[in-house]
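Subject: Structure for you to look at

Hello,

Please find the structure below, followed by notes on what was found in it.

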Amino acid sequence: MKYSLNAVALAALSSYAAAKEIAPDEVLAAELFDSGVRHETIMSTKMAYWDSRREQGLFDSTQYKSMDASVDVVPCTNGIAELVAGDPLYTFKCSGLDLYDFKSHADLGSNGGEGAGSWGWTSPDGREFVAVAQSDGAAFAEISPEGKLIYLGRLPQYPDAEPSLWREIKGYKSYIVIGSEAYYHGIQVFDMAKLLDVDPASPVTFNNEDDISHFNGLPAGRSHTVQTNEEVGYAVASGAQPRNSSCKSGLIFIDLSDLSNLTSPGCAAADGYVHDAQCLIYRGPDTKYVGEDICYGYNEDTLTIYNVTDKANPSIISRTSYEGASYTHQGWVLDEQWQQYLVLDDEYDEYDHAGLGAPGYPITYIWDVSSLEAPKQTGYYRASRKGIDHNQFVNGDYVYQSNYGGGLHILDVSSIPSDPTGKGVTEVAYFDIYPEDDDEEGGGQVEFQGTWSHYPYFKSGYILINTIERGAYVVKLSS
């Protein structure tokens, strides 16, 4: 049964026909967000759903057939990419994206499967590598010039921790930073350059003693997400429970300048739990903050912008909510070199039938952050198929979105600076990796299934998509 708010809170969340920025509702925040009630509700809802799917055998990735190496590419033709002729479970709805490879979690070395985060790294000579988070660790593969996943090995979860589906990855130079919701996991830092000399005929299982740097300074070893600021040289662990710890599950900074001795210079606790963030040296129209170290925090019911230049004494620049906010989840600035706009997603508005998300179609909220002290929510984009939005990243004029069962969606957001209402935003491509719900009304289910993450930054144009149930896909925009 889906969680029901009391009548007052429900009215506060669902009475809006259109979204705009508003001051945070402190009473509602204390009841639902600061208390952790809303987040625990979402996590328990997911876990109950995933437990039922495990019982049905749907998380056993051995049942999903990896793409045969003899198949060069499966083009998107007339709206479908047919990997296995006549088999609806291997017939993917699509537009403008071709399928180059698929490997199951089992064929990517996992005993448990259950995919989550992902990231990539390009070597100095142009080779492209990916890290694929799974419940029992991270799988490593190279994407060949032909778009094929070449499995190279894996890094197991930290040995003190139990498997956990929540596992997130971000990049720092040639390194990846890995966090997990598992108790006692801490933060793993692994150098992807170790993959350069691995023979694919002999995949390597790396170990947590000799092959990583480890940060064990989290309150219980748990983190919900991780971030990096490569320019400054630090990582962040966000959502590190419990909420009553000294850092309040806010931004916990990890100095990466000495990987042999990872330490924390401080944390940003003033707005409590941070679900996700993006930390950048500020370049943009707000001259007061040019050159400062800024974190855009996605804090359950607010967009919270921090000045973290002094890691020991960070400050909040602004804290802004929006109409229909159900669970402020994640976002990304449109241009890191001119931080005037960002896009934000709310993971629970579709599921909770709140605000613009009430019909069940993923909403991308558009924000003008020309003034870091007074952000404005200027418009939105509504997806064309039902589902739930999860993680999104910007590369050039495009926003790449993992919308759970809806798959990967690519939006052209180049119109936003001239029309921040979102009316000019268009979908240029999509690849639906979850055909099981294609016949549902609206083209999909509003459920926590399908793709968790993707990586869209390779020069080759190949995009990795990590999925919960099946494994990893490689797609590319049609020529």
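In strand S3, the bridge partner of Ile 80 is Lys 93. Strands here are DSSP runs of E with at least two residues, numbered from the N terminus. S2 and S3 (residues 91–95) pair in the antiparallel sense over three bridges; two strands count as paired if DSSP finds at least two bridges between them.

This is a predicted model, in which local features need pLDDT of at least 70 and side-chain atom pairs count only at pLDDT 80 or more, while totals for chains, interfaces and linings use all residues. Residues are numbered from 1 along each chain as its sequence is written, and side-chain values use heavy atoms, with hydrogens and water left out.

S2 and S3 belong to an open sheet of six strands, with antiparallel pairing and the order S2-S3-S29-S28-S27-S26. Its edge strands, each pairing on one side only, are S2 (80–82) and S26 (391–395).

The lining has 31 residues, and Trp 119, Gly 171, Glu 230, Trp 332 and Glu 336 lie nearest the centre of the pocket. S26 is one of the strands that each supply at least two lining residues. The largest share, five residues, comes from S18.

Regards

Definitions and conventions
Helices (H or I, at least four residues) and strands (E, at least two) are DSSP runs, numbered from the N terminus. On a 1 Å grid over the protein atoms alone, a cavity is a set of points where a 1.4 Å probe fits but cannot get out, and a pocket is an open set with protein on both sides within 12 Å along at least five of seven lines; lining residues have an atom within 4 Å of a point.
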